[in-house]
Amino acid sequence: MLVIHGVTRSRASRIIWLCHELDLPFRQEPVIQAYRLANADARGAPPNTRSPSFLALSPAGAIPVIEDEGLVLSESLAAVMHLTRKHGGNLAPADAAEDALMLQWALYAATSIEPDALTIQMLNRPAAGAEDRALVTDAIDRLKRPLKVLEDHLAAHGHLVGGRFTAADLMMAEIVRYGWTDNRLRAAWPAVSRWLDACQSRPAFKTMWAAREAEPA
Ligand SMILES: N[C@@H](CCC(=O)N[C@@H](CS)C(=O)NCC(=O)O)C(=O)O
């Protein structure tokens with residue numbers, strides 16, 4: 001059976017959402033981010049990204065990691081593409097061109113959107129000081145260019161690839177979600193907001209989200 005190493009409050013959420021979309025059984029090993037623990041190296045600490053057993057599996061020391069029939073794979077988007085291609089169906093690329101487009105959108109999300117979207121999620125707190133608020137505003141400004149690309153594409157096509165919900169939408173939605181914790185983005189990009197709401201109304205997303213919410217913050 002597929003094993004997913006990583007708590008749901010991590011980028012493992014992408015893979016877990018996909019598994020629910022595909023009705024794919026999996027076992028989850030709840031490895032937690034070391035930085036979330038007071039002492040990750042203490043005897044008796046829960047399995048975490050600095051645990052020797054986890055580092056033996058994945059020297060990069062980051063979750064998620066999957067084990068699939070002997071294949072050990074890190075990088076959440078690689079795992080989503082691998083499982084999508086392997087199990088097929090409507091979320092998978094129908095041909096080489098769709099495969100290339102899905103990869104294009106995944107890489108665009110990871111390189112042009114994720115770093116600033118994460119900054120927004122991590123620093124946008126009610127108690128944020130002036131410095132953090134300025135960093136969030138800078139991140140919102142930098143996102144204008146890639147979000148305009150996304151807005152125009154979604155306004156014209158409704159989805160990223162093939163006129164239907166695919167793994168490309170799933171990967172992008174999980175990255176855009178980080179930024180949408182700031183209402184300025186929701187107000188500025190209506191087509192992206194409508195598309196994100198539709199992605200998050202899918203039963204498979206809701207199943208993943210319920211599991212995520214059940215974990216300690
Ligand atoms: N690009 C990687 C990023 C992995 C990553 O940074 N994971 C975070 C959690 S979402 C992590 O494990 N952080 C803990 C650490 O680096 O110790 C992916 O998409 O899988």
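**Exercise 1.** In this predicted model, find how far a nitrogen atom of the ligand is from an N or O atom in the side chain of glutamate 75, and decide whether the pair is a polar contact.

Solution. Step one: the distance between the ligand nitrogen and the N or O atom in the side chain of glutamate 75 is 2.7 Å. Step two: a polar contact is a pair of N or O atoms within 3.5 Å.

**Exercise 2.** Which atoms of isoleucine 63 and serine 76 lie 2.7 Å from the ligand, and how much of the ligand does the protein bury?

Solution. For isoleucine 63, a backbone N or O atom lies 2.7 Å from a nitrogen atom of the ligand. For serine 76, a polar side-chain atom is 2.7 Å from an oxygen atom of the ligand. The ligand taken alone exposes 510 Å², and 73% of that is buried by the protein.

**Exercise 3.** Describe the residues that surround the ligand.

Solution. Begin with names: Ser10, Arg11, Arg14, Gln33, Tyr35 and Thr49 are among the residues around the ligand. Others in the surroundings include Gly61, Ala62, Ile63, Pro64, Glu75 and Ser76. Then sort the shell by type: 4 residues are nonpolar, 5 polar and 3 charged.

**Exercise 4.** Which pocket does the ligand take up, and what lines that pocket?

Solution. Step one: the ligand takes the space of the largest pocket. Step two: the volume of the largest pocket is about 810 Å³. Step three: 30 residues line the largest pocket, and Arg9, Ser10, Arg11, Gln33 and Tyr35 are the closest to its centre. Step four: the lining consists of 12 nonpolar, 9 polar and 9 charged residues. Step five: helix 3 (76-87), helix 4 (96-123) and helix 7 (167-179) each supply at least two lining residues. Helix 4 gives the most, with 5 residues.

**Exercise 5.** Examine the backbone at proline 64 and at aspartate 23.

Solution. Proline 64 is placed in the loop between helix 2 (52-57) and strand 3 (65-68). The peptide bond leading from isoleucine 63 to proline 64 is cis, and its omega is near 5°. Aspartate 23 belongs to the loop between helix 1 (12-22) and strand 2 (26-29). Although aspartate 23 is not a glycine, its phi is positive, at about 55°.

Note on methods:
Residues are numbered from 1 along each chain as its sequence is written. This is a predicted model: local features need pLDDT of at least 70, side-chain atom pairs count only at pLDDT 80 or more; totals for chains, interfaces and linings use all residues. Side-chain values use heavy atoms; hydrogens and water are left out. A residue is near a molecule or strand if one of its heavy atoms lies within 4 Å of it. A polar contact is a pair of N or O atoms within 3.5 Å; within protein, one must be able to donate a hydrogen and the other to accept it, and residues adjacent in sequence count only if both atoms are side-chain atoms. Accessible areas come from the Shrake-Rupley method with a 1.4 Å probe; for residues, only the protein chains shown count as cover. On a 1 Å grid over the protein atoms alone, a cavity is a set of points where a 1.4 Å probe fits but cannot get out, and a pocket is an open set with protein on both sides within 12 Å along at least five of seven lines; lining residues have an atom within 4 Å of a point. A molecule sits in a cavity or pocket if more than half of its atoms lie within 2 Å of its grid points. Ala, Val, Leu, Ile, Met, Phe, Trp, Tyr, Cys and Pro count as nonpolar, Asp, Glu, Lys and Arg as charged, and the others, Gly among them, as polar. Grid points are joined across faces, edges and corners, and a volume is the space filled by probe spheres set on the points. Helices (H or I, at least four residues) and strands (E, at least two) are DSSP runs, numbered from the N terminus.
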